[in-house]
Amino acid sequence: MKKISLILFLTLISIGLLSCQQNSVSTNIENNSLTIGMIVAKEEARILVVAGATPEDITNLTTQEIIKKYEDGAWFTINQEELGQDLKVGMKVNVWYDTMDSSLPGSGNVTKIEIL
């Protein structure tokens with residue numbers, strides 16, 4: 001009986017520790033997330049990135065039609081001096097961000113951009 005109680009106790013402790021570890025990983029991912037997509041619109045201090053969008057979409061569709069077609073997209077606030085000076089509509093980019101609003105399109109704050 002003592003062995004069964006010990007095994008049950010250790011199992012519960014293991015599940016609890018794994019649960020805590022899983023939450024920690026999720027937090028790290030949320031605080032430094034990555035989006036890969038195409039810049040489909042650019043305003044003074046922000047860009048709209050949509051995963052899966054093509055140059056043909058940009059030419060033939062409105063911004064709203066692209067968002068609806070891919071059911072994706074996010075406006076990212078950028079620091080023009082540090083991040084945005086070479087960005088143009090039609091570029092494929094990796095965007096790292098620290099927070100994201102869950103609306104469609106979402107909105108987030110860029111921490112890093114890489115042109116592909």
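1. Start with D57: at 5% relative accessibility it counts as buried (buried is under 20% relative accessible area, exposed over 50%, partly exposed in between, with a 1.4 Å probe and protein chains only). A quick caveat: this is a predicted model, where local features need pLDDT of at least 70 and side-chain atom pairs count only at pLDDT 80 or more, while totals for chains, interfaces and linings use all residues. Residues are numbered from 1 along each chain as its sequence is written, and side-chain values use heavy atoms, leaving out hydrogens and water.

2. D57 has a salt-bridge partner in K69, with the closest N and O atoms 2.8 Å apart (a salt bridge is a side-chain nitrogen of Lys or Arg within 4 Å of a carboxyl oxygen of Asp or Glu). This pair links distant parts of the chain, 12 residues apart: D57 sits in helix α2 (residues 55-60) and K69 in helix α3 (residues 63-70). Helices (H or I, at least four residues) and strands (E, at least two) are DSSP runs, numbered from the N terminus.

3. Searching the whole structure turns up two salt bridges. E43 and R46 form one through their side chains, at 2.8 Å from N to O. Here E43 is partly exposed at 38% relative accessibility, and R46 is partly exposed at 31%.

4. Now the barrel: five strands close it in the order β1-β2-β3-β5-β4, with mixed pairing (two strands pair if DSSP finds at least two bridges between them). On average, neighbouring strands are turned by 55° against each other, direction ignored. Axes here are lines fitted to C-alpha atoms, for helices over the stretch in contact, and angles run from 0 to 180 degrees between N-to-C directions.

5. Strands β2 (residues 46-50) and β3 (residues 74-77) pair antiparallel over four bridges, and L48 stands opposite W75 in β3. Helix α3 lies across β1 (33-43) and β2, at about 40° to β2.

6. What about the inside? The largest nonpolar core has 12 residues, including I39, V49, F76, V95 and V110 (such a core is a set of buried Ala, Val, Leu, Ile, Met, Phe, Trp, Tyr and Cys residues joined through side-chain atoms within 4.5 Å). β4 gives the largest share, three residues. Beyond its neighbours within four places in sequence, V95 is in contact (heavy atoms within 4.5 Å) with residues including S33, V49, F76 and V110. Another core, of nine residues, lies apart from that one, with L48, A53, I66 and W75 among them.
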